Amino acid sequence: MALPLDQRRRIALAYDGSEDAQKLFKWAIANIFKPESDHIILLSAISGTEGRRGSGSGSESILRRRLSLPMTSAHPSEVSAMVNDPAQQELIGSNLARQRLQDMATELHTLSATSEEHILWGDPRQLIPKFTQNHSVDLLIMGSRGLSKVKSVFVGSVSEKCIQECPCPVLVVRNTTI
């Protein structure tokens, strides 16, 4: 018998859209998730200008304005310029992230699992720990690209930051193990 939502273990899966992240999702389904007793939280963090503007009503109106791709001309050069614009790239990325999360949620639904999806705007090193602190997450699952210690110092490791700052256990799965 399935547990009520408020009694389920809340497991967050950080998803960056990579092929390794898709493998991690499949691995978590096979090895971690229990549809009858877990609630799955699918997280995707998108770095970009929206995250830096904050989460108030100002950024929501900016986001709403940007959700409509302006098609002012049928000339391929202008369309190409819009698609190559970093602001439009961010929009395309957010739509792709939303679609991927919805596809994952649909797959979880076929297993009779409950889930929710969240796209976080900004630096995942800050936002994922903050999300786990504010949303009573019982376990965070994330992948690791396996950067060398030198590279992680310069690039900054999302998984390392989450291990240090998340109040819940963090399961980091290296892509070579799945």
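**Salt bridges and a helix pair**

Hi everyone, let's start with E165 and K161, whose side chains meet in a salt bridge at 2.9 Å, N to O. By salt bridge I mean a side-chain nitrogen of Lys or Arg within 4 Å of a carboxyl oxygen of Asp or Glu. E165 and K161 sit about one helical turn from each other, because they are four residues apart in helix α8. Helices here are DSSP runs of H or I with at least four residues, strands are runs of E with at least two, and both are numbered from the N terminus.

A quick word on the model: it is predicted, so local features need pLDDT of at least 70 and side-chain atom pairs count only at pLDDT 80 or more, while totals for chains, interfaces and linings use all residues. Residues are numbered from 1 along each chain as its sequence is written, and side-chain values use heavy atoms, leaving out hydrogens and water.

How open is our pair? E165 is partly exposed, at 34% relative accessible area, and K161 is partly exposed too, at 29%. For these words, buried is under 20% relative accessible area, exposed is over 50%, and partly exposed is in between, with a 1.4 Å probe and protein chains only.

How many salt bridges does a search of the whole structure find? The count is six.

D38 forms a salt bridge with R9, with the closest N and O atoms 2.8 Å apart. D38 belongs to strand β2 (residues 38–46) and R9 to strand β1 (residues 9–14), 29 residues apart. Is D38 buried or exposed? D38 counts as buried, at 2% relative accessibility, whereas R9 is partly exposed at 31%.

Then there is E107 with K26, where the closest N and O atoms are 2.7 Å apart. E107 is partly exposed at 25%, as is K26 at 41%.

Now back to helix α8. The axes of α6 (residues 124–134) and α8 (residues 158–165) come within 9 Å and cross at roughly 35°. Those axes are lines fitted to C-alpha atoms over the stretch in contact, with angles from 0 to 180 degrees between N-to-C directions. Contact means heavy atoms within 4.5 Å. The α6 side gives P124, R125, I128, P129 and Q133, and the α8 side gives V158, K161, C162 and E165. So K161 and E165 of our opening salt bridge also take part in this contact.
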